[in-house]
Amino acid sequence: MELKVFYPQENPLQRARARLSGLVSFLLGCALALPQIAWSSETPVRQSGKPSVSFQEFTLKNGLRVILSEDHAAPTYSICVTYNVGSRDERPGRTGFAHLFEHMMFQGSANVGKGEHFILVLNNGGSANGTTNADRTNYFETLPANQLELGIFLEADRMRALDVTQANFDNQHHTVQEERRLNYDNRPYGRTAETVLDTAYDNFAYKHSTIGSMEDLNAARIDDARAFFRTYYAPNNATLSLVGDFQTETALALIKRYFESIPSQPSPPVPDMTEPEQTGERRKSLEDAFAQAPRIDIAYKIKQGNTPDWYALRMLGHIMAGDLSSHLYQKLVKELELVVSVSAAPDERRGTSLFRISLVVRPDKSLQEVERFVHEEIERLKKEPPADWELDKVRMKFRRQQAQELYSSLSRANALGHYAVYYNDPDLINTALDKIAQVTKADLQRVADTYLRESNRTVVTTVPKSKAATKG
Amino acid sequence: MSKRPLGNILSCFRFHPSSLLSGVLALTMAALIARPLFVSGQEDSSSVRPSNVERKNKAPLSTETLRVHLPKPVEAKLANGLTVLILEDHRLPSVLAELHLRRAGALFEPDNLSGLASATAQMLREGTHKRSSRQIAEELDRLGASVGAGASFGSIETVFTASGLSENFDAWFAVASDILLRPSFPAAELNQLKERAKVQLRQQRASAGFLAGERFNRALFGGHPAGVVTATLESINALTPDLLTKWHRERYSPQNSVLAVAGDVSPSELLPKLEKWLGEWRGARGSQRIPPNPVPASARKVYLVDRPDSVQTSLTVGNIAIDRRSEDFVPMVVMNHLLGGGPAARLFLNLREEKGYTYGAYSSFTALQYPGPWRAGADVRTEVTDGALTELFNEIRRIQESKVGEAELAETKRSVVAGFALALEQPARVLGFALTRKFYNLADDYWDNYPAKIAAVTADDVQRVAGKYLNPEAMQIVAVGDGRKIRPILEKFGAVEVYDSEGKRIP
């Protein structure tokens with residue numbers, strides 16, 4: 001789960017069209033800055049070979065990690081600064097703070113006024129956003145190639161000298177509380193994910209949600225923000241990734257000019273991520289005022305991301321419920337008509353992750369029956385491996401997905417930052433796919449056996465409020 | 001100049017020291033930079049943005065000219081009358097195909113069969129004369145391809161899409177053709193689909209956004225087919241394999257359709273294949289006549305959708321505005337962008353950045369074959385419903401009553417043009433532009449001239465279209481939230497009609 005500083009809405013031009021296709025996604029405002037514009041007569045030429053991302057790494061004197069990936073396929077570039085801080089670094093009583101702080105990063109700095117960040121980026125043809133999850137916080141812009149200096153300047157200015165004022169802090173307080181209401185408190189199943197985390201985890205780091213509680217958001221103080229900035233928003237706690245249409249030398253010189261004099265800080269405290277082994281099934285049921293159909297969420301504690309077991313679980317999840325030919329979809333949605341939707345996948349965390357199965361059950365069907373089928377399916381997977389074609393289809397699926405993701409400079413910049421901060425290995429952008437491809441049938445059986453056990457399981461059921469009341 | 005390789009580029013911006021090199025367009029676009037982009041240390045005094053925005057104007061900005069390549073898809077017609085657009089783009093080893101069936105949209109559904117177009121579209125994958133639903137699912141998943149179709153309410157078309165890797169294009173496109181041309185609409189599968197649809201009918205009522213859209217469209221369009229946003233229990237029950245078969249036979253016609261393909265293909269190789277796969281498809285050109293235009297409301301009305309336990313009020317205000325062929329489309333784009341087009345627009349800066357009422361406030365408009373809605377809205381905490389609604393109307397009146405400053409206008413236009421130009425990098429978007437041009441009979445050079453048209457929009461134009469198409473006195477206001485708390489507030493804004501979350505009017 002990742003929170004954004006705002007949700008881009010559809011571009012009016014796109015809206016004006018009679019609706020192209022749900023399969024085609026696009027970035028709003030992802031655009032090019034044109035003081036002046038002229039048509040060129042370039043024509044596309046065939047490019048071949050396996051898609052891969054080449055990059056160079058540097059470390060500035062103040063500890064800032066810099067990853068540059070020059071690519072002239074399109075006249076744009078993306079910059080992403082990934083800070084090694086997320087909601088796992090929060091302390092009790094201050095949940096939601098990492099994300100609230102992320103909002104403050106758009107409120108102005110020494111040389112950028114309040115509200116000016118978006119104006120500068122959007123009016124020069126770009127897009128910008130910031131996101132926070134449990135393990136990291138990132139900030140990014142996509143801009144036309146001729147505005148290289150602008151993106152570097154904007155990121156450096158706020159890393160060097162953020163302008164935290166009481167008025168802005170109060171304002172973003174409200175904004176984040178509305179974000180919480182919109183996405184959690186005013187919609188069906190809004191509290192389900194929080195309940196799963198709270199029930200499954202023992203360690204505070206992942207036990208609480210990134211959005212945080214209303215009480216804690218209310219308790220946040222401006223002094224907390226200043227201290228948080230000093231501790232975590234230091235160059236030695238960040239990775240800058242830059243991908244797209246620039247000359248590496250020029251870009252590096254600009255990055256040095258704007259970033260290198262930002263002083264480093266003592267290393268921030270490393271959060272304790274130890275998670276005790278679970279010794280028995282945990283169950284919880286909650287009532288939901290808005291849900292119209294009950295939902296079952298089953299979570300198993302698993303290893304952190306980028307481990308052989310995690311990749312095997314990724315493939316297993318896809319075989320279980322990743323597409324229309326998957327086991328649970330065919331069985332529970334089509335054949336038995338018990339559920340409306342089903343999903344199964346591991347989340348990716350730097351510490352103990354969760355393999356999550358989620359099912360929206362038809363209002364007239366039995367939750368127990370649905371759950372029993374899921375457990376039976378898991379037991380079967382432990383004994384009988386999936387067919388060869390199923391492993392092949394998942395490999396094909398991820399290959400296609402990756403090719404699509406590598407298309408945009410922004411997803412490459414974000415992925416480089418992600419892999420650098422999570423695993424200290426940005427080259428995973430090229431090698432993660434092989435790690436999924438190498439998963440064998442034996443691996444699938446092994447991880448099903450190791451992790452998908454009753455004693456390692458958390459089951460949360462969400463039932464519509466009125467129903468619960470009549471059941472008494 | 002950079003030593004960028006010429007070649008592997010779909011759309012390219014190049015920077016020239018002089019605008020003379022870039023011809024007419026560059027000269028027109030100079031209007032956008034009549035005011036210098038970057039004046040160090042000077043505050044822009046003509047800006048009328050909310051006072052909470054502070055401009056330090058210290059960021060380094062480039063003023064170089066950019067050259068943009070607008071790729072043009074190849075156009076062809078198959079023997080059966082199907083129009084084909086092909087855009088070559090070899091940056092990715094994949095292909096996307098979109099078939100726009102321009103007579104198979106929900107707008108043409110009989111009143112009592114809402115959902116017929118959508119059900120037909122969704123049932124295509126559930127069986128052909130050669131393949132079962134499960135075989136289709138397995139075959140497409142093995143090939144790593146995505147195939148599906150959908151029909152949205154209010155639209156004249158069903159859109160069928162197929163995409164996958166280019167290396168096995170022939171294999172997945174053959175399956176897609178079978179699905180498109182020879183669906184068998186098995187009764188058992190249809191019954192399953194209907195049961196799933198009934199659960200979805202119920203589920204959608206949990207969403208404040210759905211409830212707002214349902215009431216808003218009804219309020220604006222009344223009995224016009226565009227007022228329909230959902231099927232009903234009765235209309236779903238009425239669907240039969242025969243009705244779907246008939247809809248498919250009569251309305252999926254090659255002569256009324258356009259197939260758009262983008263990606264790793266070449267037209268000369270693709271066209272013979274399309275003849276092979278789709279050549280047998282027959283069907284006469286049918287009428288695409290749409291119902292008479294909706295009649296705009298003459299008075300303001302407030303609709304409260306009571307959703308107990310809500311902690312926010314979901315606000316939508318708006319009225320019927322323009323169709324896609326309107327002369328005022330371009331100034332409307334600029335006006336709307338300035339008012340509510342994103343995080344640098346007035347609504348966001350006022351309701352979020354200044355007041356802290358909401359996570360986001362935006363406006364948008366839809367322009368199709370018939371005049372569609374312009375709308376503005378925000379989800380706000382219940383306690384500030386009054387203030388938020390007041391500010392929405394304040395911003396609407398402000399853009400009508402006072403002329404926008406030159407700087408704000410220039411920045412807005414620059415942002416619109418920039419957004420357009422960057423979209424050209426994405427083949428699907430380029431195809432989208434070509435399709436829009438075809439569907440609405442716009443001039444051949446419509447998109448070539450689009451930036452110049454945006455540049456020509458004046459402050460007077462913005463004020464004129466705001467005055468002409470936004471009608472606050474006759475706007476429809478929809479509020480979804482906790483009725484007990486917000487009803488007295490809403491009454492200050494007009495006569496209130498109350499509905500429950502099932503869509504039924506409460507006296």
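This is a predicted model: local features need pLDDT of at least 70, side-chain atom pairs count only at pLDDT 80 or more; totals for chains, interfaces and linings use all residues.

Residues are numbered from 1 along each chain as its sequence is written, and chains are lettered from A and ligands numbered from 1 in the order in which they are written.

**Overall make-up**

Helices (H or I, at least four residues) and strands (E, at least two) are DSSP runs, numbered from the N terminus. A residue is buried if 20 or more other C-beta atoms lie within 10 Å of its own, exposed if 12 or fewer, and partly exposed in between, with C-beta atoms placed from the backbone. Chain A has 18 helices and 13 strands, and 55% of its 472 residues are buried. In chain B there are 17 helices and 14 strands; of its 507 residues, 54% are buried.

Two residues are in contact if their C-beta atoms, placed from the backbone, lie within 7 Å. Among the contacts in chain A with a separation of 6 or more, 81% are between residues 24 or more positions apart. For chain B, 81% of the contacts between residues at least 6 apart in sequence join residues at least 24 apart.

In chain A, the contact between the domains takes 35 residues from domain 1 and 33 residues from domain 2. On the side of domain 1 of chain A that touches domain 2, at least two residues each come from β4 (65–70), β5 (76–83), β7 (137–144), α6 (192–200), α7 (204–207) and β8 (238–244) of chain A. The largest share, six residues, is from β5(A). Ala, Val, Leu, Ile, Met, Phe, Trp, Tyr, Cys and Pro count as nonpolar, Asp, Glu, Lys and Arg as charged, and the others, Gly among them, as polar. By these classes, this side of domain 1 of chain A has 16 nonpolar, 13 polar and six charged residues.

In chain B, 21 residues of domain 1 and 28 residues of domain 2 take part in the contact. The side of domain 1 of chain B that touches domain 2 draws at least two residues from each of β3 (83–88), β4 (94–101), α6 (208–221) and β7 (257–263) of chain B. Here α6(B) gives the most, with nine residues. The residues on this side of domain 1 of chain B are 14 nonpolar, three polar and four charged.

**Two loop residues with positive phi**

Asn306(A) is not a glycine, yet has a positive phi of about 55 degrees. This residue is in the loop between β10 (295–302) and α11 (308–321) of chain A. Asn306(A) counts as partly exposed because it has 17 C-beta neighbours inside 10 Å.

Asp309(B), also not a glycine, has a positive phi of about 75 degrees. The loop between β8 (301–306) and β9 (312–320) of chain B holds Asp309(B). With 12 C-beta neighbours inside 10 Å, Asp309(B) counts as exposed.
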